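Please look through the sequence and the model shown here before reading the report. The report goes from the whole chain down to single residues.

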There are 2 protein chains.
Amino acid sequence: MRASTENGDQERDRDGGGGPRAGRRGPRPAGAATISRVAEAAGVSRATVSRVMNGSPTVSPELAARVRAAAEALDYAPSPAARRLALGRTGTIALVVPDLGNPLFQGVLRGLSQAAGKAGRQLLVAESDEDPEEEVILALEARRNSDGLVLASPRAPAERLCSIGERLAPFVLVYREVPGLGAPSLSIDNAAGVRDLVAHLTGLGHRRLAYLAGPPGSAGNAERLAALRAATGGLEVTVLPCGSMFDDGHAAAPAVVERGASAVVGFNDMVASGVLTGLRELGVGVPDDVSVTGFDDIPFARYTTPPLTTVSIPKSELGRQAWERLWALMNGEGGGYNVRYQPRLLVRGSTGPAPSR
Amino acid sequence: MRASTENGDQERDRDGGGGPRAGRRGPRPAGAATISRVAEAAGVSRATVSRVMNGSPTVSPELAARVRAAAEALDYAPSPAARRLALGRTGTIALVVPDLGNPLFQGVLRGLSQAAGKAGRQLLVAESDEDPEEEVILALEARRNSDGLVLASPRAPAERLCSIGERLAPFVLVYREVPGLGAPSLSIDNAAGVRDLVAHLTGLGHRRLAYLAGPPGSAGNAERLAALRAATGGLEVTVLPCGSMFDDGHAAAPAVVERGASAVVGFNDMVASGVLTGLRELGVGVPDDVSVTGFDDIPFARYTTPPLTTVSIPKSELGRQAWERLWALMNGEGGGYNVRYQPRLLVRGSTGPAPSR
DNA sequence: GGGCTATGAGTAACCAGTTTCTAACACCGG
DNA sequence: CCGGTGTTAGAAACTGGTTACTCATAGCCC
């Protein structure tokens, strides 16, 4: 598993070079130029250096040039830590998600990262590992180190979120709506997506459905399941506990066969892909014997065999939009209304007419 | 000289309570308690509050209790910005990657996020969008806002990295080795992986190979291609320009058929999956007519049809290990040697005996 | 009982910027 | 020639912590 080494570990820094104040404080860059040194070198006050570095127009051109030259010569860059303190802002926004392995949150991460990056903001990321209380703690912690927060918190109780809502502001909630919470939320109309899927399946003649349920605590799973129950009035629906990962879906295949369902509605694309593989291994034809649908339209959904019928949700768009909302909030503009995105049904090869039997 | 009459200026901030200077500065929490207010409330000095908050043992128990009560009552939490400045460290580490959509970097992100989170460190993430110079700029920027850096920089020229190496320290390079760079690197033995694949394929009788090349600037692609050339002495190898995404591989399928290769070596699992789908659409049987291999073992690789033969690399382990190395470096321990991980061949269903022809 | 030491807590000097206030100076009009 | 005005740049206060010194007191030993 492990292998070769190569040297490395060079001189270390010149640490005690100066001698007298060797190792004076902790891990400071040691040689880093400060505003004071630049001021001294340019023969001006610190205030003037600050003004020049921030492009204030109230500095005469020749002085500004002298300061810039000195800054250049000393390779000076203002300390972000000092600016944070003085300005009271961090130039950073934070994202807290339950699971970085989930394509849903990866999409938000990407969209947010790009939007924030374009605006010159840094991005702090924290993963709560799907623990409800951890979500809350990390959110508070992350928020203290940033100017605003994007929070994906499918597990934390609504009351808990409301109780700390004030301390999290400005923030945006994604993939969830919490009534009464003083923050805009960007969510998916899960019910509409499920209705589209069910309509598609019943249109194909399916009457016996199986639902592969997501994680019990998940708000998204609760919504999808409720919508499914509502949309399948006269039909037979079996709910099978499953999960959210490939292997969960894979493991559920025998149960699906046993129940004799003609169509399987997966909590998400991953369990749907898993069950796809599992069914094939059991010799069940998809979509000839059983139809399968997913949810989310993860990048891989079009490359399964057969390609997965699913509903598409705008993951990166959520990230981009979260940035826009957050930006508005940080500037004191309202922008506090909720958006619920409509998923789009994508019919691919994994669904077909119900077997006549 | 400083004036600071210590309690003389305490008066100052109580006038904010009224209306006169409402909205005085930018986005400060406004009501947030400071160490001074806690000190006042507890009737002690700021130094004592600081000592209590940091668990210094040189405070008498009753005083400590009084301070803690005051802090609790005021809902006080030390300002991270002020601590950063005073301590000269940020409590944060940074990760810079070219593309957050790539499972390779997602794996590192997860491993690093979990390891750093467990150690109570925050994680800053930046995406360079595969631009060589952007990689460098973002790395410098991210490093200035953190105590250490994990850098995945497949595009930036080696000399450029060396020239800024000192300013990035402490840092760890992943998925790449740059001789002479003063930082440990964690990389994959691409050559060994390619050799394993080639041995596997030739063992099955394949003599005409096609390589689906990755992005031209990528260091990983260069290594894999060089290793392929070295490992396929007497064989016929066609190199097809491709890319790194599903669609790139999908689009390359016709060219593969045209060249009459009996085995396709994909730059990574995504192009391999893409070509898998493309070949099936063209009516080419895998592995009966053509064998296909990938690289990286992304989570999806075992769920393609047929499951993808590939080599596995320890993505999350790289992230965890990067944290360990970084931690050692930040504590002044050496730990600066390089590690090159050996990939592991995973034979699945996408490879089989060469057609007899 | 007096000197010595250990201990707890306060003072003030940092960290490295930003910003308000103020003073000096040039320019202008009366 | 003088007062009013406008510009420029500096002095100093401010962001909110940490920590090296310092000092007072209490306990201990001789």
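Predicted model: local features only at pLDDT ≥ 70, side-chain atom pairs only at ≥ 80, totals over all residues.

Residues are numbered from 1 along each chain as its sequence is written, while chains are lettered from A and ligands numbered from 1 in the order in which they are written.

**Overall form**

Chain A holds 12 helices and 12 strands; helices (H or I, at least four residues) and strands (E, at least two) are DSSP runs, numbered from the N terminus. With a radius of gyration of 27 Å, well over the 21 Å that the globule rule gives for 357 residues, chain A is more spread out than a compact globule. Here the radius is taken over C-alpha atoms, and the rule is 2.2 Å times the number of residues to the power 0.38. The C-alpha trace of chain A spans about 90 × 55 × 35 Å along its principal axes.

Chain A is divided into domain 1 (33–78), domain 2 (89–188 + 316–342) and domain 3 (190–313), with bounds from an automatic or database domain assignment. The C-alpha centres of domain 1 and domain 2 of chain A lie 38 Å apart.

**Burial and cores**

Of the 357 residues in chain A, 45% are buried. A residue is buried if 20 or more other C-beta atoms lie within 10 Å of its own, exposed if 12 or fewer, and partly exposed in between, with C-beta atoms placed from the backbone.

A nonpolar core is a set of buried Ala, Val, Leu, Ile, Met, Phe, Trp, Tyr and Cys residues joined through C-beta atoms within 7 Å. The largest one has 166 residues, and Val96(A) and Val96(B) are among those with the most contacts inside it. A second, separate core of 10 residues includes Ala39(B), Val49(B), Val67(B) and Tyr76(B).

**Contacts between parts**

Chain A and chain B each give 51 residues to the contact; two residues are in contact if their C-beta atoms, placed from the backbone, lie within 7 Å. The side of chain B that touches chain A has 21 nonpolar, 20 polar and 10 charged residues. Ala, Val, Leu, Ile, Met, Phe, Trp, Tyr, Cys and Pro count as nonpolar, Asp, Glu, Lys and Arg as charged, and the others, Gly among them, as polar.

There are 29 residues around DNA strand C, and Ile35(A), Ala47(A), Ser50(A), Ala82(A) and Ala86(A) come nearest. A residue is near a strand if its C-beta atom, placed from the backbone, lies within 6 Å of it. By class, this surface has 14 nonpolar, 8 polar and 7 charged residues.

**Single residues**

| Cis peptide bond | Omega |
|---|---|
| Val286(B) to Pro287(B) | about 5° |
| Thr305(B) to Pro306(B) | near -15° |

Asp75(A), a residue other than glycine, has a positive phi near 60°. Asp75(A) is exposed, with 10 other C-beta atoms within 10 Å. Tyr175(B) also has a positive phi near 60°, but Tyr175(B) is buried, with 25 other C-beta atoms within 10 Å.

Ile164(B) lies in helix H8 (residues 158–168) of chain B. With 16 C-beta neighbours inside 10 Å, Ile164(B) counts as partly exposed.
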